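Here are a few exercises to work through with the model open in your viewer. Try each task before you read its solution.

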Amino acid sequence: MVSITCPCTECKYNGRGYKCTAKSINLKYRNMATVNEGRVDMWVCDHYELSDWAKKIDEQIEKVMRGD
């Protein structure tokens with residue numbers, strides 16, 4: 001199987017050595033606008049999902065922002 005390096009450390013499927021651990025990988029093509037009126041081509045993973053620890057961190061940040 002091809003090894004994919006994933007930069008999204010908060011993704012559920014990001015494993016040891018930043019290698020994707022998803023059973024299958026589905027990439028979508030995107031052509032995004034940049035800050036200085038340019039364009040950039042990129043491939044975006046369709047299986048991105050927040051890990052449990054990332055969800056907990058989001059909840060804690062939300063509590064702090066609400067002032068609880």
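**Exercise 1: the strand pair**

Task: find the bridge partner of asparagine 31 in E2.

Solution: In E2, asparagine 31 is bridged to aspartate 41. A quick word on ground rules: this is a predicted model, where local features need pLDDT of at least 70 and side-chain atom pairs count only at pLDDT 80 or more, while totals for chains, interfaces and linings use all residues. Residues are numbered from 1 along each chain as its sequence is written, and side-chain values use heavy atoms, with hydrogens and water left out.

Step on to arginine 30, and the bridge partner in E2 is methionine 42. Now zoom out: strand E1 covers residues 27-33, strand E2 covers residues 39-45, and they pair in the antiparallel sense over 7 bridges. Strands (E, at least two residues) and helices (H or I, at least four) are DSSP runs, numbered from the N terminus. Two strands pair if DSSP finds at least two bridges between them.

**Exercise 2: the turn and the positive phi values**

Task: which residue in the turn of the E1 and E2 hairpin has a positive phi?

Solution: Start with the hairpin, which has 5 residues between E1 and E2. In that turn, glutamate 37 has a positive phi of about 60 degrees, although it is not a glycine. Keep the background in mind: most residues other than glycine have a negative phi.

Next, check accessibility. Glutamate 37 counts as exposed because its relative accessibility is 79% (buried is under 20% relative accessible area, exposed over 50%, partly exposed in between, with a 1.4 Å probe and protein chains only).

Then look in the segment before E1, where you'll find tyrosine 18. Its phi is also positive, near 60 degrees, and tyrosine 18 isn't a glycine either.

**Exercise 3: the aromatic pair**

Task: how are the rings of tyrosine 29 and tryptophan 43 arranged?

Solution: First, the rule: rings of Phe, Tyr and Trp (its six-membered ring) pair if their centres lie within 6.5 Å; planes under 30 degrees apart count as stacked, over 60 as edge-to-face and the rest as tilted. By this rule there is 1 aromatic pair. Tyrosine 29 and tryptophan 43 sit edge-to-face, 5.6 Å centre to centre with 65 degrees between the planes. The pair links distant parts of the chain, since tyrosine 29 is in strand E1 and tryptophan 43 in strand E2, 14 residues apart.
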